[in-house]
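Here are my notes on this one, as numbered points. Have the coordinates open while you read.

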Amino acid sequence: MSEPGGTPLRTAPVSVVLGAIASIRSAIIPAIAIAFSGIGGSGRLLVAAGVGLAAAGIGTAISYTGWRRLTYTIGATDIRVESGVLSRSARSVPYERIQDVSLEAKLLPRLFGLVAVTFETGAGGGEDLALQYLTIAEGERLRQLVRERRDEEQATAASPSSSPAAAQAAAARSRAEADVGEVLFAMPPARLMIFGLFEFSLAVFAVLGGLLQYVDNVSDIDVWNVDLWRGWLEEQGSVIASLGPYAQAAGAVIGLIGLVIIGTATGVVRTLLRDWGFTLTRSARGFRRQRGLLTRTDVVMPAHRVQGIVIGTGLVRYRFGWHGLSFVSLAQDAESESHVVAPFAQLKEIAPIVSAAGFHLPGETTRWQRASTRHRTDKTIIEAGLFVLATIPVAVFAPPGLFLIPLGLAVLVVGTNLYAWEFRRHALDDRQIFATSGLLSPTSRIATRLKLHSVEIAQSPLARLRGYATVHLGLAGGSFAIHGVPLDEARAVRASVLETIAATDFSRLDQARDQVQVQAFSDAQSGFSSNFLAT
Amino acid sequence: MDHTPARTLNEPQPDDERQLTRLHPNYAHALRVQTTLAAIPVLIAALVLEAISRDSALLPPGVIAGPVLLIALALIIRIPARRYSARGYQISADRLRVVRGLLFRHDTVVPFSRVQHIDVNQGPLDRLFGIATLTLHTAGNHNASVALPGLAEPLAREMRETIRAHIRRDSL
């Protein structure tokens with residue numbers, strides 16, 4: 001079990017039990033459906049039990065076969081995972097390509113003491129190597145082993161002439177330094193509660209709607225019968241109509257309050273489940289984020305893999321000063337593109353995290369350039385114009401006075417766009433590019449110009465007429481677009497980004513931040529003049 | 001084709017439209033052939049509809065096929081030349097600029113040091129006319145691939161070698 005050589009190892013046998021439980025879970029619903037539906041006449045309970053047992057048995061057999069065919073081998077230079085029942089797949093990842101090992105445990109595996117191990121390669125696209133499930137001790141051991149091997153490789157690569165013992169000592173030293181970290185950001189339960197209050201969500205109604213479909217299957221109620229709902233509503237409506245106007249108003253208010261309470265409670269519960277024990281630590285290895293109550297995740301991202309930063313906020317929480325920080329990187333987070341690093345924090349808490357990643361927030365000396373006023377005018381006219389156009393059929397066909405609604409919305413759109421112009425800005429400083437956008441609350445993006453890959457200036461026909469453009473920056477792992485930039489300014493932005501890129505050697509980008517050096521301009525190359533004819 | 005910019009500026013700008021290099025003229029011919037091939041099924045469908053409506057005498061003869069034919073002729077004769085002149089490129093010591101688009105204009109610059117890999121592709125029609133498409137791949141999400149069609153094939157290969165040499169030299 002502790003041989004580093006080439007013997008294939010199996011994952012924990014208890015994962016077969018987990019697979020069996022999962023198949024039982026998926027067998028229960030058909031069994032219940034059969035028991036309640038009437039197939040098989042008087043013996044239908046037996047039929048239901050039989051179907052359930054058969055499904056569970058097949059599921060367990062498949063899970064056992066899958067477990068037997070999944071092996072992993074810790075080699076001298078790489079890790080191999082072989083899996084597959086019918087079609088075999090063997091995947092190997094060399095140690096130096098593994099960024100780190102992340103451990104994730106959902107509720108049920110955690111109860112059994114198991115954990116799912118993922119080897120993060122930074123390749124993006126969800127192609128990371130994963131092993132389900134190992135015991136917690138084995139998972140930690142594997143993580144330790146991979147780190148040891150990787151540090152040894154790095155130490156050997158750094159000083160190839162030293163002896164293996166010296167390389168191991170250097171690796172152990174760097175590992176000891178790398179594991180010590182400072183906690184950059186943590187969310188205590190009080191913060192989580194406040195966060196939950198802002199995450200108003202009516203998702204519970206969607207869940208109820210889904211459950212209603214099952215109700216249709218197992219009982220006599222026909223959910224899709226419109227007359228049923230209409231009759232029920234009329235019944236309730238007649239009850240309400242028989243009350244006085246005050247009671248009606250009170251009823252409406254109470255209903256609204258109930259809705260708000262449900263939405264807030266849902267938000268709080270979801271936030272607690274997702275972000276319990278949120279801790280962000282910074283060590284020499286990178287940023288380590290742990291969170292989750294039922295599903296515990298533990299992810300590490302190296303600092304130099306961070307390509308950019310997004311600071312987002314919401315309509316209401318912006319007014320209270322709460323922002324959310326995400327890193328843009330090639331590796332993918334569980335749900336979204338960017339890694340959420342501080343989901344709910346004040347700007348003064350975000351600032352140290354941002355500087356630990358090697359960026360800096362805009363300050364007083366940043367020279368902001370606003371978006372073009374023509375862009376603002378065009379956008380306002382087009383969006384308000386849609387509502388004004390909608391007013392015409394409403395004025396013709398709907399009851400009198402209702403046409404004021406689209407008209408009012410048009411006025412609202414005009415006001416919103418004028419207000420939102422405040423948020424449409426961009427700025428350049430010595431190393432970075434900043435851009436903010438947003439309708440009623442700003443979303444800020446920050447990227448190092450050095451890590452951009454291309455610059456595009458795009459113009460629609462209207463924009464060409466009016467003299468503004470959209471600047472698209474090629475960012476690895478995310479998007480960065482600045483809308484409504486005057487054309488001269490767009491060209492200036494492009495020129496300065498290209499100047500920054502041309503001054504640095506690309507092959508040095510991937511090394512750790514403190515090792516990046518700025519190279520001189522590469523020599524002008526003979527060959528094509530700038531006007532080479534195509535024939 | 002005159003490409004003077006809408007506003008003349010005092011300083012000479014490197015982004016001046018006049019400095020863009022045109023593609024190979026065969027690109028327009030290839031586009032024309034492609035449009036013709038794409039129009040043939042549509043014309044056949046229009047003729048079939050025409051035959052059906054003549055049998056049942058619903059509409060006057062030529063009401064369906066006529067406009068379709070006119071539109072197809074307009075597309076075949078006029079559009080390829082306009083698409084050809086809307087594209088351009090500019091290759092300098094360390095970057096490639098590609099301009100495309102009739103209505104929606106896209107002006108992309110990719111520095112050579114950010115190119116991940118390069119393709120030179122030729123479809124059967126391109127082989128007939130001796131042109132090729134040069135595609136640069138970068139690591140960014142936007143413009144992950146930048147394509148430059150309509151280059152003479154030896155030129156495309158030469159440009160690929162230039163860019164490759166630039167990358168090789170940088171990583172030494």
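1. A quick definition before anything else: a residue is buried under 20% relative accessible area, exposed over 50%, and partly exposed in between, using a 1.4 Å probe and protein chains only. On that scale A:His375 is buried, because its relative accessibility is 11%. A:His375 belongs to helix α11 of chain A, residues 373–397; helices here are DSSP runs of H or I with at least four residues, strands are runs of E with at least two, and both are numbered from the N terminus. Leaving aside residues up to four places away in sequence, A:His375 touches A:Tyr468, A:His483 and A:Gly484, where a contact means heavy atoms within 4.5 Å.

2. Ground rules: this is a predicted model, with local features needing pLDDT of at least 70 and side-chain atom pairs counting only at pLDDT 80 or more, while totals for chains, interfaces and linings use all residues. Residues are numbered from 1 along each chain as its sequence is written, chains are lettered from A and ligands numbered from 1 in the order in which they are written, and side-chain values use heavy atoms, with hydrogens and water left out.

3. Chain A in outline: it has 14 helices and 21 strands, and 39% of its 535 residues count as buried. Of the contacts in chain A with a separation of 6 or more, 56% are between residues 24 or more positions apart.

4. What does A:Ile309 touch, not counting residues up to four places away in sequence? The list is A:Leu325, A:Ser326, A:Phe327, A:Val328, A:Val354, A:Phe359, A:Ser444, A:Arg445 and A:Ile446.

5. Now the seven-stranded sheet in chain A. It is open, with antiparallel pairing, and its order is β14-β13-β12-β18-β17-β16-β15; strands pair if DSSP finds at least two bridges between them. The edges are β14 and β15 (369–370) of chain A, each pairing on one side only. Inside the sheet, β17 (residues 432–437) and β18 (residues 443–448) of chain A run antiparallel, joined by six bridges, and A:Ser437 faces A:Thr443 in β18(A). Helix α14 (residues 487–502) of chain A lies across β15, β16 (425–428) and β17 of chain A, at about 35° to β16(A). That angle is between N-to-C directions, on a scale from 0 to 180 degrees, with axes fitted to C-alpha atoms and helices taken over the stretch in contact.

6. β19(A) pairs antiparallel with β20 (residues 468–475) of chain A over five bridges, with A:Ile457 partnered to A:Val471. Five bridges also join β19(A) to β3 (residues 105–111) of chain B, again antiparallel, and there A:Glu456 has B:Thr108 as its bridge partner.

7. Aromatics: Phe, Tyr and Trp rings (the six-membered one for Trp) pair if their centres lie within 6.5 Å, with planes under 30 degrees apart called stacked, over 60 edge-to-face and the rest tilted. Over all chains there are 10 such pairs. A:Phe185 and A:Phe278 are edge-to-face, at 6.0 Å centre to centre and 70° between planes. They are 93 residues apart, and both are buried. A:Tyr318 and A:Phe423 are also edge-to-face, because their planes are at 80°, with centres 6.0 Å apart. A:Tyr318 is partly exposed at 27%, whereas A:Phe423 is buried at 5%.
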